[in-house]
Amino acid sequence: MAVKQQKSKEAKAKAAMAGGGKGKKKKWAKGKVREKAFNMVLFDKPAYDKLIADVPKMKLITVATVVERLKVGGSLARAAMNELEEKGLIKCVARHQKQLIFTRASHA
């Protein structure tokens, strides 16, 4: 029988790195990354004018609809809705701890 040649540590490590087996270890799938919304935190003149013009005409007024329409932050939308209610431009339908629902004020 032929005598086996003893491998050095470097040769063993090289063989382990190169060799078959399972192949590469499975990586976890990266989750989908949402786009960051850069909404305003203070009203500028055009945005405030749009608030006064557009929001009182909307049938359903919530924080989410104001945020979506005017691209403002949620806190600013809540404050703006309270201001419009005080002015009598919109009317409260339901006031819950988490959800404010307003509608246009009917001037009949």
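This report walks through a predicted protein model, from its overall layout to a few single residues.

## How to read the model

Residue numbers start from 1 along each chain as its sequence is written. Because the model is predicted, local features need pLDDT of at least 70 and side-chain atom pairs count only at pLDDT 80 or more, while totals for chains, interfaces and linings use all residues; side-chain values use heavy atoms, with hydrogens and water left out.

## The overall layout

Let's begin with the parts list. The protein has four helices and two strands, and along the sequence they follow the pattern α-α-α-α-β-β. Both kinds of element are DSSP runs numbered from the N terminus: helices are H or I with at least four residues, and strands are E with at least two.

Of the 108 residues in the protein, 21% are buried. Here, buried means under 20% relative accessible area, exposed means over 50%, and partly exposed is in between, using a 1.4 Å probe and protein chains only. Contacts, meaning heavy atoms within 4.5 Å, can also be sorted by distance along the sequence. Among those between residues at least 6 apart in sequence, 43% join residues at least 24 apart.

## Helix α4 and its partners

Helix α4 covers residues 74-87, and it packs with helix α3 (residues 63-70) at an angle of about 110 degrees, with the axes 9 Å apart. The axes are lines fitted to C-alpha atoms, for helices over the stretch in contact, and angles run from 0 to 180 degrees between N-to-C directions. The two helices α3 and α4 are therefore roughly perpendicular. For such labels, angles under 35 degrees count as roughly parallel, over 145 as roughly antiparallel, 65 to 115 as roughly perpendicular and the rest as oblique. On the α3 side, Val-63, Val-66 and Val-67 meet Gly-74, Ala-77, Arg-78 and Met-81 of α4. Sorted by class, this contact of α3 with α4 has five nonpolar, one polar and one charged residues. Ala, Val, Leu, Ile, Met, Phe, Trp, Tyr, Cys and Pro count as nonpolar, Asp, Glu, Lys and Arg as charged, and the others, Gly among them, as polar.

Helix α2 (residues 45-54) also packs with α4, at an angle of about 50 degrees and with the axes 11 Å apart. The pair α2 and α4 is therefore oblique, and its crossing is right-handed. Tyr-48, Leu-51 and Ile-52 of α2 make the contact with Ala-80, Glu-83, Leu-84 and Lys-87 of α4. By class, the contact of α2 with α4 has five nonpolar, no polar and two charged residues.

## The nonpolar core

In soluble globular proteins, nonpolar side chains tend to be buried together. A nonpolar core is a set of buried Ala, Val, Leu, Ile, Met, Phe, Trp, Tyr and Cys residues joined through side-chain atoms within 4.5 Å. The largest one here has 17 residues, and Val-55, Ile-61, Val-66 and Met-81 touch the most other members. Two or more residues each come from α3, α4 and β2 (100-104), with α4 giving the largest share, five residues.

Take Ile-61 as an example. Beyond its neighbours within four places in sequence, Ile-61 is in contact with several residues, including Val-55, Val-66, Met-81, Ile-90 and Phe-102. Thr-62 sits in the loop between α2 and α3 and is buried, at 9% relative accessible area. With neighbours within four places again left aside, Thr-62 is in contact with Met-81, Gln-99, Leu-100 and Ile-101.

## Around Asn-39

Asn-39 lies in the loop between α1 (9-18) and α2 and is partly exposed, at 28% relative accessibility. Leaving out neighbours within four places in sequence, Asn-39 is in contact with Val-67, Lys-71, Val-72 and Gly-73. Asn-39 and Gly-73 are 34 residues apart along the chain, yet their C-alpha atoms are separated by 5.4 Å.

Lys-71 belongs to the loop between α3 and α4 and is partly exposed, with a relative accessible area of 43%. Most residues other than glycine have a negative phi. Lys-71, although not a glycine, has a positive phi of about 55 degrees.

Terms used: A crossing is left-handed if the near helix is turned anticlockwise from the far one by less than a right angle, and right-handed if clockwise.
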